[in-house]
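Trainee: I would like a close look at the aromatic rings. Please take me through them step by step.

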Amino acid sequence: VSTQSTWDIFIMVIYGMIIFSLVLILSSAKHPDCYRNTQEMAIARGYRAENHTITTSDGYILLTYRIFGKKGDMTAIGQPVLMAHGVLGSSDNMLDNGDGVAAYKLAELGYDVWLMNNRGNRYSRKHKSLNPDLDPTYWEYSFHEMGVYDIRGNIDYILNITKHKKVHFVGYSQSSAALLAAMTEDFTYYKDHIQSVVFWAPVSNMGHSNKLLKLVYSSFSIYALEFFGFREILPYSQQVSSFASVFCTLNPALCSLLLALLTDANPYYDNQERWEVIMNHYPVGTSVLSGLHMLELNAYQSFVKHRKTVFHSVEEYNLKAIDKTIPIAMMIGKNDQMVVPEDAHWLARILTDCGALKFYREYDYMGHITFVIPGKYARGFIDDTVNFIQTHQFLSLIHI
């Protein structure tokens with residue numbers, strides 16, 4: 001091949017990349033929610049919304065959003081509900097499906113809805129003394145610390161602001177694991193401060209998760225990323241999120257295939273019209289340890305604490321420390337590839353033996369991501385969430 005031919009091919013590739021880039025730009029995400037944060041999405045739909053900065057006892061500075069009814073609605077503000085997102089997610093995901101999500105429904109019923117952001121994501125990437133870009137120590141946490149410090153810090157702050165005695169908690173995916181871990185450490189605190197708990201696709205034992213997770217764990221040492229100096233994974237990038245959003249909009253079949261391999265066995269029942277929105281809000285970063293800790297749940301086929309080194313023994317969380325004083329609901333997707341029904345049964349048996357599990361349901365059509373972007377045939381869990389909270393509410397109203 002001549003030098004001229006090689007150069008011609010190179011020029012054609014460059015032109016092709018430019019044209020492809022222009023197509024992406026011209027066909028970029030159009031829905032306004034793609035460019036809105038949690039507060040802006042709520043306000044755009046007529047709800048009253050605020051943002052609050054919360055500092056945990058170990059110095060992490062978190063951003064939490066609050067929604068409490070529509071403008072002009074003088075309904076008394078009821079008991080607070082704290083909602084927590086999944087791994088690599090944010091509070092945005094709780095609103096990404098638009099009208100009819102659980103947060104809006106609860107706000108319309110008069111509940112005081114708080115949407116938290118765990119440490120390390122795009123909204124909570126601050127610390128009193130540590131710089132996340134310079135100090136590796138900042139990233140030394142997993143979902144354990146999210147529960148022990150972030151959830152507890154939010155609860156203390158919310159109860160201080162609202163003057164209520166307890167909150168309801170709705171945890172999705174990794175945040176369910178965070179609360180479970182925290183409750184095993186100090187159950188007395190949580191039974192005094194939580195009215196009820198709803199778990200969507202709760203992470204605990206992940207021994208039956210899809211084969212890709214097992215492949216990742218067996219192919220890479222759990223300490224390899226740390227060894228090579230990586231501390232943060234998949235931080236938020238507007239360019240990457242926009243590209244992923246446009247890619248899924250233009251290639252829904254391929255995105256469906258990826259979801260089927262990783263999280264949702266049948267993504268057809270996800271709300272594909274909102275893919276562009278959630279992909280603009282995901283992923284938004286977390287620590288390497290958070291991801292590795294979840295992989296350990298898969299490898300050891302139990303709800304275990306993170307092994308800090310290979311010389312540490314495997315230690316299980318004592319889930320039997322939880323008792324019936326906090327009513328718990330578990331909502332599981334039958335098509336979930338991450339939190340599969342077999343693993344959910346493992347957790348359900350323990351919580352049943354403790355007397356804590358008051359509601360358990362597996363939903364047809366639902367995978368893991370379906371809990372944040374459910375299609376029209378997969379929204380029964382929203383009504384079940386609202387009904388469970390109403391059934392276990394503490395009747396106390398305040399006016400603000």
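Is Tyr268 buried or exposed, and why?

Mentor: Tyr268 counts as exposed, because its relative accessibility is 58% and the cut-off for exposed is over 50%. Keep in mind that this is a predicted model. Now look at the next residue. Tyr269 counts as buried, because its relative accessibility is 18% and buried means under 20%. Tyr268 and Tyr269 form an aromatic pair. Their ring centres lie 5.1 Å apart, and the planes stand at 85 degrees. That makes the pair edge-to-face, because the angle is over 60 degrees.

The structure holds 18 aromatic pairs. One of them joins Trp200 and Phe381. This pair is edge-to-face too, with 5.1 Å centre to centre and 90 degrees between the planes. Find the two residues in the chain. Trp200 belongs to strand S7, which covers residues 194–200. Phe381 belongs to helix H14, which covers residues 380–391.

Next, turn to a group of rings. Tyr60, Tyr138, Trp139 and Tyr141 form one aromatic cluster. The charged end of Arg119 sits over the ring of Tyr60, 3.8 Å from its centre. Another arginine is placed over a tyrosine ring: the charged end of Arg122 sits over Tyr236, 3.8 Å from the ring centre.

Conventions:
Residues numbered from 1 in each chain as written. Predicted model: local features only at pLDDT ≥ 70, side-chain atom pairs only at ≥ 80, totals over all residues. Heavy atoms only, no water. Phe/Tyr/Trp six-rings, centres within 6.5 Å; stacked < 30°, edge-to-face > 60°. Helix = DSSP H or I, 4+ residues; strand = E, 2+ residues; numbered from the N terminus. Buried < 20%, exposed > 50% of the residue type's maximum accessible area, 1.4 Å probe, protein only. Lys NZ or Arg CZ within 6 Å of the ring centre and 35° of its normal.
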